[in-house]
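Dear colleague,

The structure we spoke about is below.

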Amino acid sequence: MLRRCLHVLAICVFALTVLGASSDDTRVDKIGHKLVCQCGCGQILMECNHVGCPVSPVMIDELKAQVAAGLAETVVLKFFITKYGPISLAAPMRGGFDNVAWIVPFAVLLLATVGVAFLIRYWRKRHAGLPAPSSVGTAALPLPSVQDRIRRETDYDNWSEK
Amino acid sequence: MAAAQTLLGPVLLLVACFAFVFWPQEKLSAEVEKTRLDYLRERKDVIYENLRDLNFEFRAGKYPEEDYLQQRTTLEAEASTVVSEMEALGG
Amino acid sequence: MPHPMPSFGSFSLILALALCVYSLAAGALALYAIAHGKPLAVPPERLRETARRAGIASFVAVTGAAVALVWASFTNDYSVAYILHHTNRDLNAAYKFSALWSGQEGSLLLWAWLLAAYGFVLRVRHKVDVTLSAYASTILAGVQIFFLLLLNFAAPPFSIAPGPVANDGFGLNPLLQYPEMVIHPPMLYLGYVGFTIPFAFALGALMMRYPGEKWIHITRRWTMVTWLFLTCGICLGMHWAYAVLGWGGYWGWDPVENASFLPWLTGTAFLHSVMMQEKRGMMKAWNVWLIFATFMLSILGTLLTRSGIVSSVHAFAQSSIGNWFTTFLVIVFVICLFTFFYQRDHLRSENKLESLVSRESSFLFNNLILLAACFTVLWGTLFPVLSEFYDGSKVTMGPPYFNRVMVPVGLLLILLTGAGPLLPWRSTSFRAIRRNFVLPCIAIVATAIVCMAAGVRPWQDDDASGGIYALVCFALSAGVITAIGAEFLRGAGVVRTQSGRNLFSSGILLVRRNTRRYGGYLIHFGVIVMFIGLAGSAFNQSKELEMSFGDTIQLGNWRIVCQSYSQDSNANFDTDFALLDVYHGNKKVTQLTPERRFYTASQTTSTMVAIHSTLARDIYIVFEGRNPDTDRPIIKVFLNPLVNWIWIGVFIVILGTGIALTPPLLPVARRVEVPTAAAEAAHA
């Protein structure tokens with residue numbers, strides 16, 4: 001048992017070291033997917049497919065230089081924000097008002113869920129205030145002949161096609 | 001000549017549309033104001049469909065017995081009110 | 001007047017406008033007189049009939065204008081500015097036809113024509129319900145007036161190009177020279193425009209205090225057909241983006257795409273929640289607002305993309321007509337709001353929700369999720385405007401944003417798709433159906449385990465979220481498919497017991513008896529298949545390389561070898577293409593020829609992607625161009641798993657909608673002899 005636990009632990013440690021040691025290339029690729037090419041094509045920087053695009057090679061070179069210098073991702077992104085403006089980020093990530101963009105959809109979903117739950121509760125309460133269905137049934141107790149007819153006409157066993 | 005050709009199309013279209021819109025109609029499509037009976041018939045169809053659905057879903061194992069019986073009673077009561085009124089109206 | 005066809009077109013548009021104004025005025029007056037018993041100089045029924053006929057005639061007039069524009073396109077009439085800017089002599093006939101919708105004026109004309117065509121059908125079929133149709137027809141005439149005003153005054157398609165008539169046109173945008181582009185815009189517009197009909201019926205029913213819910217029955221087919229068109233339009237757009245734009249994806253969360261997605265979401269919500277009204281007389285006010293919102297969103301979409309409020313990569317037509325749309329939208333909103341408050345007592349619910357575990361509440365949550373999705377997309381599309389307003393900084397809301405917020409919502413939706421159909425109407429307890437959830441849950445767990453065993457282990461990746469979402473999506477999808485299958489089998493079992501047929505023909509009979517329900521389930525199945533395809537994108541791979549003869553790109557087990565590259569030309573375009581052999585392991589699978597075209601008339605280039613498509617994956621190769629220094633082609637290869645499932649899913653959705661539209665077999669209660677008292681006595 002102990003051996004097995006150690007085994008799992010060893011695998012975890014190994015996985016973590018492998019994960020941590022991402023090479024420069026993968027970092028460039030990762031950060032480059034958080035940026036937008038500024039030539040006007042509106043594509044993700046690493047996906048810009050215009051040959052002869054005047055902007056994306058420059059941006060990618062800048063990105064590579066920053067990553068090679070060992071700068072942290074936030075620093076690299078900050079560099080692009082200062083140079084090209086916040087529009088160069090593929091999604092708003094500057095904090096402050098940008099957070100609103102992320103919070104509002106989930107807040108609305110949450111509020112709406114709570115709202116629907118309350119609505120259902122309210123409906124059920126109102127429903128409970130009404131006479132129970134069975135007593136409605138007694139109030140308008142169907143004539144046996146009518147009830148027979150209804151039952152006959154809606155019985156699934158009696159369903160047949162012309 | 002060219003002007004006449006240019007004018008021909010629009011004039012034809014104008015006359016045709018005007019004639020179509022304002023041509024005296026022999027008989028207007030019969031006014032079918034919805035009667036109470038029509039309304040009841042629609043209601044009956046809906047309740048019947050709900051009942052059939054209920055019966056079907058009960059067989060498919062979606063309702064416990066008492067639930068099913070109670071709902072059938074409610075729906076049948078609804079249906080019988082409608083059916084009785086229809087019979088009273090001569091439907 | 002030297003331009004007979006353009007003048008005919010212009011005249012037709014003015015005539016159509018006049019006819020619609022008449023139809024609206026006469027219709028409104030007649031309906032008011034009938035409703036309030038006011039006498040008029042002419043019998044109001046007669047006046048109402050002329051209004052209907054004017055509406056029909058407006059279809060003929062708009063058709064005249066559309067024919068005139070297509071005619072001008074086919075006869076190379078470059079005196080018309082629109083034709084000059086959107087076609088050229090050597091353009092293929094199909095694309096000459098599609099020139100009708102490749103620019104702003106033309107697409108507005110197409111919109112007006114489709115609206116008139118829908119109106120034509122509505123007005124011809126008025127006997128379904130004369131009064132309600134008259135209300136709907138009058139409201140429709142109002143909408144038509146807006147588009148005809150635009151066409152006559154803001155974006156006239158027949159304006160004459162200044163100066164001498166050019167010998168050849170500037171050509172059609174090459175991105176639009178693709179088969180899908182011939183059908184994608186009309187499909188999408190059929191969807192957008194089509195929602196006007198249920199909108200007009202809903203508003204009309206509310207205005208006239210229509211007794212009962214029959215109007216829903218009348219509009220159901222309209223709504224479903226419209227929904228299908230919109231779905232097909234969106235998916236054709238996706239396929240076009242995938243096959244033409246050459247970036248390896250099909251959905252970029254661009255404002256134009258979002259604009260088409262918004263009414264789809266509310267329309268889908270409407271299709272579901274309207275069942276609660278039809279069956280149970282519930283949620284009437286909600287449904288009315290859903291269809292109002294759907295109609296307004298289809299107008300808002302056009303406003304967003306045409307006005308330049310939100311910048312979009314493929315806003316083909318930007319101009320100042322935004323103000324027109326804003327005004328129209330405000331007017332529509334005010335009318336809806338007024339009618340709603342004036343008649344709101346007409347919208348009281350007849351039934352109450354009885355339990356959280358009933359079909360009713362699952363519809364409520366379905367609406368909740370769909371509307372939350374709609375809000376999120378709208379929010380994301382408009383946030384740049386908000387941000388600029390707040391602190392003056394323009395931000396980008398790209399795919400990373402939308403993927404992160406929309407994927408969880410999508411997964412919730414899958415969950416509901418599975419759970420909803422299992423719940424019965426009006427149910428009050430979960431007890432009876434608990435066992436119906438066992439099988440789907442087993443399927444979920446089993447699929448997750450199988451996927452992990454097969455190598456889907458996202459936690460080992462650098463960026464795990466996409467893979468984890470995909471894994472959850474696969475597992476949930478399996479659960480939903482199991483639930484749908486089990487539901488179908490249970491139903492078939494009931495029919496088998498009842499009719500004594502074998503299971504197969506019982507299944508067919510089951511579907512024929514309730515086409516709507518089982519068509520709906522099939523649509524759910526199709527959507528789930530699409531979701532599986534979408535989840536595949538979490539495992540996309542790509543590589544770009546400058547290739548010369550014999551060079552290879554290795555991507556997983558796949559190897560792309562450059563055989564040669566060559567050039568060709570015809571009257572419309574010059575083309576550069578590469579011949580690439582695709583190997584899987586050591587086996588040659590196929591040869592692909594991605595192209596890059598240079599269109600002479602418009603002096604622009606465009607790529608023709610080469611795709612080798614299988615159920616498991618697409619090999620997608622783009623000829624991006626030549627390196628200006630070395631003159632060698634730059635090739636980008638994508639390995640996109642499961643993309644085909646998306647298109648297969650669309651076909652299933654179409655099939656399902658077809659079934660749901662088929663009239664069901666009507667039950668004929670078997671005549672049961674009820675013994676009379678006399679007979680009984682005799683028997684005794």
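Two residues are taken to be in contact if their C-beta atoms, placed from the backbone, lie within 7 Å. On that basis, and leaving aside neighbours within four places in sequence, C:L109 is in contact with C:A65, C:A66, C:L69, C:L100, C:L151 and C:P157.

This is a predicted model, in which local features need pLDDT of at least 70 and side-chain atom pairs count only at pLDDT 80 or more, while totals for chains, interfaces and linings use all residues. Residues are numbered from 1 along each chain as its sequence is written, and chains are lettered from A and ligands numbered from 1 in the order in which they are written.

Cores. C:L109 belongs to the largest nonpolar core, which has 222 residues. A nonpolar core is a set of buried Ala, Val, Leu, Ile, Met, Phe, Trp, Tyr and Cys residues joined through C-beta atoms within 7 Å. Buried means that 20 or more other C-beta atoms lie within 10 Å of the residue's own; exposed means 12 or fewer, and partly exposed is in between, again with C-beta atoms placed from the backbone. The residues with the most contacts inside this core are C:A16, C:L109 and C:A112. Its largest share, 19 residues, comes from helix 9 (residues 214-245) of chain C. Helices (H or I, at least four residues) and strands (E, at least two) are DSSP runs, numbered from the N terminus. Another core, of 22 residues, lies apart from the largest one and includes C:L592, C:I619, C:I621 and C:V622.

Positive phi. Most residues other than glycine have a negative phi. C:M283 has a phi near 60 degrees and sits in the loop between helix 10 (255-280) and helix 11 (284-307) of chain C. C:M283 counts as buried because it has 23 C-beta neighbours inside 10 Å. C:D631 has a phi of about 65 degrees and lies in the loop between strand 9 (617-626) and strand 10 (633-641) of chain C. With 8 C-beta neighbours inside 10 Å, C:D631 counts as exposed.

Chain B. Three helices and zero strands make up the secondary structure of chain B. Of the 91 residues in chain B, 31% are buried. Helix 3 (residues 65-88) of chain B has 24 residues and reaches 34 Å from its first C-alpha to its last, close to the expected 34 Å (1.5 Å times one less than the number of residues). Among the buried residues of this helix are B:D67, B:Q71, B:L75 and B:V83. Helix 3 of chain B is followed by B:G90, with a positive phi near 90 degrees.

Regards
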